[in-house]
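This report describes a protein chain through its sheet, its helices and the contacts between its side chains. Please consult the sequence and the coordinates alongside the text.

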Amino acid sequence: MRPITLIGEPVLHRPLKEVTEFDQALKDLADDMFASMYEANGVGLAANQIGVDLRVFVYDCQDAEGGEHKGVVVNPTIEFPDRDRVLDHDSEGCLSVPGPYADVARVAHVHCHGFDLDGNPISLHGTGQLARCFQHETDHLNGKLYVDRLAAKARKQVLKEYEALRAQTADQAS
């Protein structure tokens, strides 16, 4: 398990490097990412959330029908539907902004394209929480956090709540 990188760290706020080597080091990174995600009770984790500057994320969550999905996507891109695009407004949080949640509009179903750990092309369809996860984690790899998608007032409130929780945690530790 590796510690989760928190908002404000530069690696969370810039686009990440493409993966070019599909080797044992990448597989070891994915194992570390799963362990870190599970330890933090998450459903998805991008590499920069453990301080690594590579375009890779892991996920373990349900789709809209309750089906379980687990995997790794390397160098992902998201494809949104051309027609029948429906927005899903739901509460969203982030391991890199621990504590607060806010409503974020995401496209209800998407295709996520990329590569598996061996460099083979993959194409995944996501609905519900899985679609939200694909979009959220790909945003991370592009240097965006969910708070960047919020209106200014909502963003300010989430960051205020985050700072209050962080201060409370620091007080309890001392």
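The sections below treat the sheet, the helices, the aromatic rings and the salt bridges of this predicted model.

## Sheet architecture

An open sheet is built from 5 strands, arranged in the order β1-β2-β3-β6-β7 with antiparallel pairing. At its edges stand β1 and β7 (121–127), each of which pairs on one side only. On average, and with direction ignored, neighbouring strands of this sheet are turned by 40° against each other.

The strands β1 and β2 run antiparallel and are joined by 3 bridges. Leu45 has Val58 in β2 as its bridge partner. Strands of a sheet pair through backbone hydrogen bonds, and this pairing may be parallel or antiparallel.

## Helices against the sheet

Helix α1 lies across β1, β2 and β3 (68–79), and runs at about 45° to β2. Helix α2 packs on the sheet as well, where it touches β1, β2, β3, β6 (109–115) and β7. The direction of α2 makes about 160° with that of β2.

## Aromatic pairs

The structure holds 5 aromatic pairs. One of them is formed by Phe34 and Tyr38, which are stacked, with 6.0 Å from centre to centre and 25° between the planes. Both residues lie in helix α1, 4 residues apart, or about one turn of the helix. Phe34 is buried, at a relative accessible area of 12%, whereas Tyr38 is partly exposed, at 36%.

A further pair is that of Phe57 and Phe134: the ring centres are 6.1 Å apart and the planes stand at 45°, so the pair is tilted. Phe57 belongs to strand β2 and Phe134 to helix α2, so this pair ties together parts that are 77 residues apart in sequence. Phe57 is buried with a relative accessible area of 0%, and Phe134 is likewise buried with a value of 0%. Together with Tyr59, Phe57 and Phe134 form one aromatic cluster.

## A charge over a ring

Phe34 takes part in another kind of contact: the charged end of Lys70 sits over the ring of Phe34, 5.0 Å from the ring centre. Phe34 thus has the ring of Tyr38 as its stacked partner and the charged end of Lys70 over its ring.

Side chains of opposite charge can pair when their charged atoms come close. With a cut-off of 4 Å between a side-chain nitrogen of Lys or Arg and a carboxyl oxygen of Asp or Glu, the count comes to 10 salt bridges. Among them is the bridge between the side chains of Arg2 and Asp32, at 2.8 Å from N to O. Arg2 is in the segment before α1 (24–39) and Asp32 is in helix α1, so the bridge ties together parts that are 30 residues apart in sequence. Arg2 counts as partly exposed at 28% relative accessibility, and Asp32 counts as partly exposed at 25%.

Another salt bridge joins Asp53 and Arg14, whose closest N and O atoms are 3.5 Å apart. Asp53 is found in the loop between β1 (44–46) and β2 (56–62), and Arg14 in the segment before α1, so parts that are 39 residues apart in sequence are tied together. Asp53 is buried, with a relative accessible area of 17%, while Arg14 is partly exposed, with 34%.

Asp88 is partly exposed at a relative accessible area of 25%, whereas Arg132 is buried at 8%.

Note on methods: Residues numbered from 1 in each chain as written. Predicted model: local features only at pLDDT ≥ 70, side-chain atom pairs only at ≥ 80, totals over all residues. Heavy atoms only, no water. Helix = DSSP H or I, 4+ residues; strand = E, 2+ residues; numbered from the N terminus. Buried < 20%, exposed > 50% of the residue type's maximum accessible area, 1.4 Å probe, protein only. Pairing = 2+ DSSP bridges. Axes fitted to C-alpha atoms, helices over the stretch in contact; angles between N-to-C directions. Contact = heavy atoms within 4.5 Å. Phe/Tyr/Trp six-rings, centres within 6.5 Å; stacked < 30°, edge-to-face > 60°. Lys NZ or Arg CZ within 6 Å of the ring centre and 35° of its normal.
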